[in-house]
Amino acid sequence: MATTRTATTHWEGPLIGGSGNVSLDTSGVAKFDVTWASRSEEANGRTSPEELIAAAHSSCYSMALSHALAGAGTPPESVQTQASVTFQPGEGITGIALSVKAKVPGLSAEAFREAAENAKANCPVSKALAGAPITLEAELLD
């Protein structure tokens, strides 16, 4: 069954000096302030499109890796993924770095690395973001 999720941004004023907020409409769990300065300089308590992309990517990747590991008969005890999205004004998103640490009993480091790379290539958000270079660091925890 297909699902559709919705977010809405309300913006006032010009890009520089203006401000807005983005609401997560489907879940209703949050509304975040956003400004150009929070995107191109310091966050200062506000979010940015890139931070929201990082949140989407890290959660999707963790789900994809967990699913693949369980499907291979080695369900993880834990998966922690950090996604860092780099934005360069005038260029756009110039890269995404994924860093994953997982505890997977009975899995070799080589098999974990293979599963991690496969999840990077096949998670739906990775596929949607394929226009940006995506790197991966993967660490299997004891």
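A residue counts as partly exposed when its relative accessible area lies between the buried limit, under 20%, and the exposed limit, over 50%. The model is predicted.

- Five bridges join β2 (residues 19-24) to β3.
- Serine 19 stands opposite threonine 35 in β3.
- Strands of a sheet pair through backbone hydrogen bonds.

- The whole structure holds five salt bridges.
- One of them joins arginine 39 to glutamate 50, with the closest N and O atoms 2.7 Å apart.
- Arginine 39 sits in helix α1 (residues 36-40) and glutamate 50 in helix α2 (residues 49-71), eleven residues apart.
- Arginine 39 is partly exposed at 30%, whereas glutamate 50 is buried at 4%.
- Glutamate 139 and lysine 101 also meet in a salt bridge, at 4.0 Å from N to O.
- Glutamate 139 lies in strand β6 and lysine 101 in strand β5, so the pair ties together parts 38 residues apart in sequence.
- Glutamate 139 is partly exposed, at 38%.

**Within helix α3**
- Arginine 113 forms a salt bridge with glutamate 117, and their closest N and O atoms are 2.7 Å apart.
- Both residues lie in helix α3 (residues 109-122), four residues apart, or about one turn.
- Salt bridges with shared partners join Arg113, Glu117 and Lys120 into one network.
- Arginine 113 is partly exposed at 33%, and glutamate 117 is partly exposed at 28%.

How values were computed: Residues are numbered from 1 along each chain as its sequence is written. This is a predicted model: local features need pLDDT of at least 70, side-chain atom pairs count only at pLDDT 80 or more; totals for chains, interfaces and linings use all residues. Side-chain values use heavy atoms; hydrogens and water are left out. Two strands pair if DSSP finds at least two bridges between them. Helices (H or I, at least four residues) and strands (E, at least two) are DSSP runs, numbered from the N terminus. A salt bridge is a side-chain nitrogen of Lys or Arg within 4 Å of a carboxyl oxygen of Asp or Glu. Buried means under 20% relative accessible area, exposed over 50%, partly exposed in between (1.4 Å probe, protein chains only).
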